[in-house]
Amino acid sequence: MNPSREDRLPELLGPWQLTRPRVAAELTVLGDRSRVWRVETGDGPYVAKLTFDEPAYVAPGLRIASVLDRAGVPTGAPVPAPDGSLYRPVVRHRGRPWTLALHTFVPGAPLEPSDGAAAGEAGELLGRVHRLLTTLPEVPRPAGHLLDHYRGEARRLGRRRGAALRKALKALSRTTFTEGVLYGDPAPEILRGPGPLALIDWGTPSRGPLLHDVVSWQLFLTAGATPEDAPAAERRFLAAYREHCPLAERETAARGLFLDLHRAIQDAWTPEPPEDAAR
């Protein structure tokens, strides 16, 4: 499917047997990994997501979202087709298949980090998510380990550009961390609606140290905060998180190792300026 041909979407959604489906709006924020649309039907709204990757990498996130949704955390869970399938492979021209899924529409607006209650609410949400994915039976296994992915990126970047990333990963390897299923996205899609906070878009789950998600969310929530306000928000977040998923003090004390990792990732993936501009 050509991603610009959204007129084909109702046809591709055929396995779900929707009533009079039509594309109402495109919801894509960044189009390099997927495209997302709100679909109106005679039975109500849905969200369709076409991920530019094979089902083997997408399916675990769909199943994880289903498990959490059933446990009481709204996730925009995938809607099974009548035959029980959660996705449809969409064959690209001369390429690997992409993955199309239909999701529950979750009403709400993005959580505003500047809201005074946001840090505590987000900490409680992530703590519940990590605890549930650690304790619920038969939680699907993600497609990969996050730190293995970063090790591969360090190799791909080469000796010079990958040096800081390799150094950060080596420092992490000297400490043992509690591991589990990670949300993974450094910009969590948290929605405040009529019910509990929702955590949607489970397109990048992986396995790895839980502290990685904790630090990622703290950075996201304090990105626009002043240097005076950020530490208090971080403490509120961590206190709320630990009420539901009590990481040991020795782990949270290693927060700086993950800050180094995040900085190394950001630096490694920032395009280098042209040679003329650097002179």
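Tutor: Contact here means heavy atoms within 4.5 Å. We are looking at a predicted model, where local features need pLDDT of at least 70, side-chain atom pairs count only at pLDDT 80 or more, and totals for chains, interfaces and linings use all residues. Residues are numbered from 1 along each chain as its sequence is written, and side-chain values use heavy atoms, leaving out hydrogens and water.

Student: How many helices and strands does the chain have?

Tutor: Helices (H or I, at least four residues) and strands (E, at least two) are DSSP runs, numbered from the N terminus. By that count, the chain comes to 10 helices and 10 strands.

Student: Why is the chain said to be as compact as a globular protein of its length?

Tutor: Along the principal axes, the C-alpha atoms fill a box of roughly 55 × 50 × 35 Å. The globule rule (2.2 Å times the number of residues to the power 0.38) is set against the radius of gyration, taken over C-alpha atoms. For 279 residues the rule gives 19 Å, so the chain is as compact as a globular protein of that length because its radius of gyration is close to this, at 20 Å.

Student: At what angle do α6 and α7 cross?

Tutor: Axes are lines fitted to C-alpha atoms over the stretch in contact, with angles from 0 to 180 degrees between N-to-C directions. Helix α6 spans residues 210-221 and helix α7 spans residues 230-244. Their axes come within 10 Å, and the crossing angle is roughly 145 degrees.

Student: Which α7 residues meet α6?

Tutor: From α6, the partners are Leu-210, Val-214, Trp-217, Gln-218 and Leu-221. The residues of this contact divide into seven nonpolar, one polar and one charged. On the α7 side they are Glu-234, Phe-237, Leu-238 and Tyr-241.

Student: How far apart are the axes of α3 and α7?

Tutor: Helix α7 also packs against α3, at an angle of about 30 degrees. Residues making this contact include Gly-120, Gly-123 and Gly-127 of α3 and Ala-233, Phe-237 and Ala-240 of α7. By class, the contact has seven nonpolar, five polar and four charged residues. The axes are apart by 7 Å.

Notes:
Ala, Val, Leu, Ile, Met, Phe, Trp, Tyr, Cys and Pro count as nonpolar, Asp, Glu, Lys and Arg as charged, and the others, Gly among them, as polar.
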